[in-house]
Amino acid sequence: MSVPRVRVDPERCIGTGDCARLAPQAFRLDESRGVSVPLPGAETADADVLAEAAFNCPTRAITVEKAKI
Amino acid sequence: MSAGGLLTEFTATITFDRYEDIRAALFDPNLSRTFDKRSYEDGNIRAGIVSIAHGAVHRARRRVENTQFRADVLRLYERELFPKVMNDLLDRLIDSDHVDLFPIGEMLSVVLAARRSGIEYDASSLDDLRTLVRLVDAFSQGAAILDAKDPDAVRALVRAAYEEFERKFVRPAWEQRAPLVARYHRGAIEEDALPHDILTVLLLHRDDASLELADDKRVVREVATYLQGGTHTSAQTLVNALDAIFERPDAAALLERVASDTLFAQRVIQETLRLRPTTPKAKRRAEADTEVAGQRIPKDSQVILDFAAGNRDRAIFGATADEFDPDREVSANVPRWGLSFGGGPHQCPGRAVGAGFPIPGDFNVDDDHVFGLVALELQAVAQRGVRPDPARAPERDLRTARFTRWLHYYVRFEKRTAAVS
């Protein structure tokens, strides 16, 4: 079985919040750092929604990888 | 080749005019917006502002400044602040049956752009708003200096505008905010007690060396950037939307739909942005050798991104790409405005303020949807019965090569108050 692994690179992220708007079940903004972070359980979000969030990230900070478990 | 830091000659000039190629270029970290590396004092009127910053400085600035564009703030502006401000202003500014809509659009937009910027002004004072609009016009010419027909005249104009802007609008606000920021740093007040605006967050974080904001004048220019960006595109888009509608044989029917359907008004705005981008072409400079869409780009090349052409790419927008069709179907992951807000790290931070959130393909939006302030403006003038003025032709802004810009747009109104017919 494989589930996606969701990551946000804090060095690339500029905190537009687009991912948190598109996929609020998977991302939230850490206002103290001005960057997005994946929520616990982000990998269980709809795969299409995760892909949309990654595609629309303006800095390509989001990666959604398949990981074997 | 550079002349004292201003890049004037290029190893190559490469143009991209297909949607996907332009998008790829916008994400390439080797392509920057920095053509002029001189200091402000040496002639670079845009020195140090976020629009042309690159790499780590740009990311650090955007992390701080993007906090002013959160969805809850946009909803507050759109639902609680803007409708009253807009209608009060329209009631005052539409003072005859025949008016110039472009400066009215600027004044509508500048009210909230000024609030977001954090400057000190009187939102009810038409004198203040007219002064700000005049300054925005100068800053807009500065933002388009790469396309200016007389760059030296633009530099002089912008320098004088910055000085006036700082003296009248920024310093008074700065003097109010600085003690509050100091109290916050001492732990005497919570962050929620601070004003929510660009100037405040810059003052709050300017000790962070990664922002490169130690120079007061740079802070002033950054605030001006947000005032200009929040005003000019919105005003141009309002006028372009009406002009696009007036060109159509079914203009009256379209205006009726706009007047009664806010989501349709938003689609009109986003379709207008696609066909008439305020910045029809963007330029980038290759900081290092790179490759985009299979094309090798040598260091110090100039790269032209033809947004106007990419927005009419038939591979993306279909056989009717050249037509004005607010009801068109658009693929998922393609914004209805095309490339008009740029893309990649420099994508316009205020795009949702003016144009709202992306519209789902089935046109079903949820209760949290943001329509954008320009859609509300268009709807408001449609509800007042806006029509072309046959007595006075509109005038384009010929000071720039950007063909989508207007100076004057004369209209008449069948009603002066907003009653839906």
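How many residues does the contact take from chain B and from chain A? The contact takes 14 residues from chain B and 13 residues from chain A, two residues being in contact if their C-beta atoms, placed from the backbone, lie within 7 Å. On the side of chain B that touches chain A, helix 2 (residues 55–65) of chain B gives the most, with four residues. By class, this side of chain B has six polar, four nonpolar and four charged residues; Ala, Val, Leu, Ile, Met, Phe, Trp, Tyr, Cys and Pro count as nonpolar, Asp, Glu, Lys and Arg as charged, and the others, Gly among them, as polar.

The model is predicted: local features need pLDDT of at least 70 and side-chain atom pairs pLDDT 80 or more, while totals for chains, interfaces and linings use all residues. Residues are numbered from 1 along each chain as its sequence is written, and chains are lettered from A in the order in which they are written.

Chain A has two helices and four strands, arranged β-α-β-β-α-β from the N terminus on; helices (H or I, at least four residues) and strands (E, at least two) are DSSP runs, numbered from the N terminus. Strand 2 (residues 27–30) and strand 3 (residues 35–38) of chain A pair in the antiparallel sense over four bridges, where pairing requires that DSSP finds at least two bridges. Within chain A, Asp30(A) stands opposite Val35(A) in strand 3. These two strands form a hairpin with four residues between them, and Gly34(A) in the turn has a positive phi of about 70 degrees.

Of the 69 residues of chain A, 41% count as buried, that is, with 20 or more other C-beta atoms, placed from the backbone, within 10 Å of their own.

How values were computed:
A residue is buried if 20 or more other C-beta atoms lie within 10 Å of its own, exposed if 12 or fewer, and partly exposed in between; C-beta atoms are placed from the backbone.
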